[in-house]
Amino acid sequence: MSKDKAEVESALLRALQDAGIDSQSFASDRGFDHDVVVNVIKSLHSTGVDMVDYSEEASVHYSLTEAGREVLERGSPEAQVRESVPEGEDGVALADAKVGAAGAVWDEGFKFAMQLKWIRLEKGAAPRVRRVEGVAASVDPIRDLVRSVAASVEASTEPAGVSDKDMDVLVKKRKLVQVTKVRKYVATAGPRWALVRQKPATDLSADVLEAVLAGEVRFKEYNFETLGGVFKVGGLHPLLKVRDDFKSVFLGMGFEEMATNKWVESSFWNFDTLFQPQQHPARDAHDTFFLERPETCRSLPADGYLARVKEMHEVGGAGSIGYRYDWSEDEARKNILRTHTTAVSSRMLNRVAREIQSSMAPFKTRRFFSVDRVFRNESVDRTHLAEFHQIEGLVIGMRLTLGDLLGTIREFFAKIGLRQLRFKPTFNPYTEPSMEIFCFHPGLGKWVEIGNSGMFRPEMLGPMGIPKDVQCIAWGLSLERPTMILHGINNIRDLFGHKVDLNLIETNPVSRLLA
Ligand code: PHE
């Protein structure tokens with residue numbers, strides 16, 4: 001503690017022994033700096049110390065202006081004018097009085113002296129000013145009200161015995177007194193007041209414990225409110241940063257996030273609901289990780305949806321001829337690590353279908369997205385891993401068209417700074433039409449594939465019970481591809497997995513991505 005503070009602290013604690021103080025008068029009476037006094041009060045009050053209690057009060061201070069000080073010295077202008085008019089019946093000619101003793105204060109003094117009836121003006125060809133007799137006592141300097149208020153203001157910053165109305169006149173009309181707002185702290189002895197600050201114990205040792213138990217020392221109280229220091233540790237992995245960027249783009253476009261917590265998924269939701277035939281090569285163990293334990297899932301939808309999916313695969317419906325094979329529920333039950341987040345979209349669409357069916361309200365467009373991990377049984381190389389992240393967006397709405405899909409995708413990618421896009425027709429079992437999305441990469445100087453998209457087929461939406469005039473547009477991309485492009489990484493193993501380059505974590509792709 002600085003010498004200054006120590007001095008203030010001991011003076012304050014001593015003063016509080018007798019009575020409370022207010023910080024302003026305490027500081028000015030003893031010549032202390034007010035800020036130091038306030039600091040000391042607060043520190044003697046702070047958590048667990050409790051040597052001082054205080055409350056904060058806003059108050060106003062009055063002081064004399066230049067003109068006010070003049071009044072204090074010479075009397076109010078009206079008193080000066082009155083003084084300058086000689087006693088007796090004759091008085092003085094107005095013209096002479098004006099150049100007389102009152103000088104510069106004449107105008108103001110004359111006005112008020114007239115109002116107070118201290119002087120009288122005799123009009124005529126040569127007007128004269130006369131004293132009004134019988135008021136001599138009231139012009140005595142002691143009865144010069146304005147001067148005596150000035151004297152009280154000079155004596156105290158909070159003068160007592162001056163009516164608010166008078167003060168108002170002196171402040172606003174006559175500008176003799178000025179007002180400043182001040183904050184003061186009214187301090188009293190707290191529950192643990194003492195002449196000398198007692199340091200609460202912060203260590204836990206046998207000695208301290210004994211002293212605490214004997215009531216000689218007390219422990220410092222724990223401050224649960226404190227925020228603690230900010231540690232500069234760790235940082236978001238580039239993938240997580242880019243993921244957050246994509247999330248905020250989706251949220252900004254009004255998309256709701258879907259729950260992606262099912263890394264283990266049934267073949268039913270990952271493939272069958274997406275009208276992916278059971279003989280499809282992607283359903284082979286070469287492309288998909290199958291689970292050994294538990295090998296199959298326990299529950300599949302029991303509300304007829306399963307039967308409708310089976311029927312769509314076997315014989316089709318609503319204009320489709322299906323795949324014409326015997327659909328096997330056992331195959332659909334097989335557990336896998338999901339190969340794409342479209343499994344998440346499929347579950348969500350089936351839920352939306354239930355909502356459409358049970359609601360009387362007209363159907364409103366819904367937008368969903370997800371960002372999470374998917375798994376593929378691929379051989380690992382510099383651009384492929386057996387697990388990666390997928391970003392997926394979908395919009396379900398009335399009479400959506402391919403134009404809506406193109407527009408939405410363009411808007412989405414523009415938000416992350418990718419404006420040069422091209423679309424190429426492709427095939428997905430669950431979308432028709434389907435398009436691959438390419439973007440021009442200025443760094444590489446070529447077009448690179450960044451995503452896949454399409455309009456979900458009626459063979460997928462029909463069994464869910466989604467009405468014919470409601471369409472669903474969707475697109476998906478990997479999180480790793482744009483992150484690698486952004487960081488100029490050409491080996492995915494530097495970005496993801498146990499060989500990740502920790503230096504990457506220090507860099508900040510967020511600003512660059514959204515710049
Ligand atoms: N599921 C596709 C993939 O894994 C992406 C996609 C999503 C395509 C939605 C069309 C519609 O690449």
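**Figure 1. Glu225 in its loop.** Glu225 sits in the loop that runs between α11 (206-213) and α12, where helices (H or I, at least four residues) and strands (E, at least two) are DSSP runs numbered from the N terminus. With a relative accessible area of 70%, Glu225 is exposed; here buried means under 20% relative accessible area, exposed over 50%, and partly exposed in between, computed with a 1.4 Å probe on protein chains only. Although Glu225 and Phe275 are 50 residues apart in sequence, their C-alpha atoms are 57 Å apart in space. The model is predicted, so local features need pLDDT of at least 70 and side-chain atom pairs count only at pLDDT 80 or more, while totals for chains, interfaces and linings use all residues. Residues are numbered from 1 along each chain as its sequence is written, and side-chain values use heavy atoms, with hydrogens and water left out.

**Figure 2. The domains of the protein chain.** The domain assignment, whose bounds come from an automatic or database source, gives domain 1 (3-61 + 181-199), domain 2 (66-175) and domain 3 (240-261 + 339-504). The centres of domain 2 and domain 3, taken over C-alpha atoms, are separated by 88 Å.

**Figure 3. The aromatic pair of Phe255 and Trp475.** The search of the whole structure finds 21 aromatic pairs, a pair being two rings of Phe, Tyr or Trp (its six-membered ring) whose centres lie within 6.5 Å, with planes under 30 degrees apart counted as stacked, over 60 as edge-to-face and the rest as tilted. Phe255 and Trp475 form an edge-to-face pair, 6.0 Å from centre to centre and with 80° between the planes. Because Phe255 lies in the loop between α12 (238-252) and β7 (256-257) and Trp475 lies in strand β15 (residues 470-478), the pair ties together parts that are 220 residues apart in sequence.

**Figure 4. The nonpolar cores.** A nonpolar core is a set of buried Ala, Val, Leu, Ile, Met, Phe, Trp, Tyr and Cys residues joined through side-chain atoms within 4.5 Å. The largest one has 34 residues, and those with the most contacts inside it are Phe246, Phe412, Phe413 and Trp475. Two or more residues are given to this core by each of α12, β10 (366-375), β11 (387-398), α17 (402-415), β13 (431-441), β14 (446-456), β15 and α20 (492-495), and the largest share, five residues, comes from α12. Another core of 29 residues lies apart from it, and Leu300, Trp327, Val352 and Ala353 are among its members.

Figure 5. In the side chain of His340, an N or O atom is 3.2 Å from a nitrogen atom of the ligand, and a polar side-chain atom of Tyr430 lies 2.9 Å from a nitrogen atom of the ligand. Arg376 has a polar side-chain atom 3.0 Å from an oxygen atom of the ligand.

**Figure 6. Helix α7 and the ring of Phe112.** Helix α7 (residues 106-115) includes the buried residues Trp106, Gly109, Phe110, Phe112 and Ala113. Over the face of Phe112 lies Arg174, at 3.8 Å from the ring centre; a charge counts as sitting over a ring if NZ of Lys or CZ of Arg is within 6 Å of the ring centre and within 35 degrees of the ring normal. Just after α7, Lys117 takes a positive phi of about 60°.

Figure 7. The peptide bond that joins Arg293 and Pro294 is cis, with omega about -10°, and Pro294 lies in the loop between α13 (267-270) and α14 (305-314). Another cis peptide bond runs from Glu432 to Pro433, with omega near -5°, and Pro433 is found in strand β13. Lys175 is not a glycine, yet has a positive phi of about 50°; Lys175 lies in the loop between α10 (164-173) and β6 (177-189).

Terms used: Polar contact = N/O pair within 3.5 Å; in protein donor to acceptor, adjacent residues only side chain to side chain.
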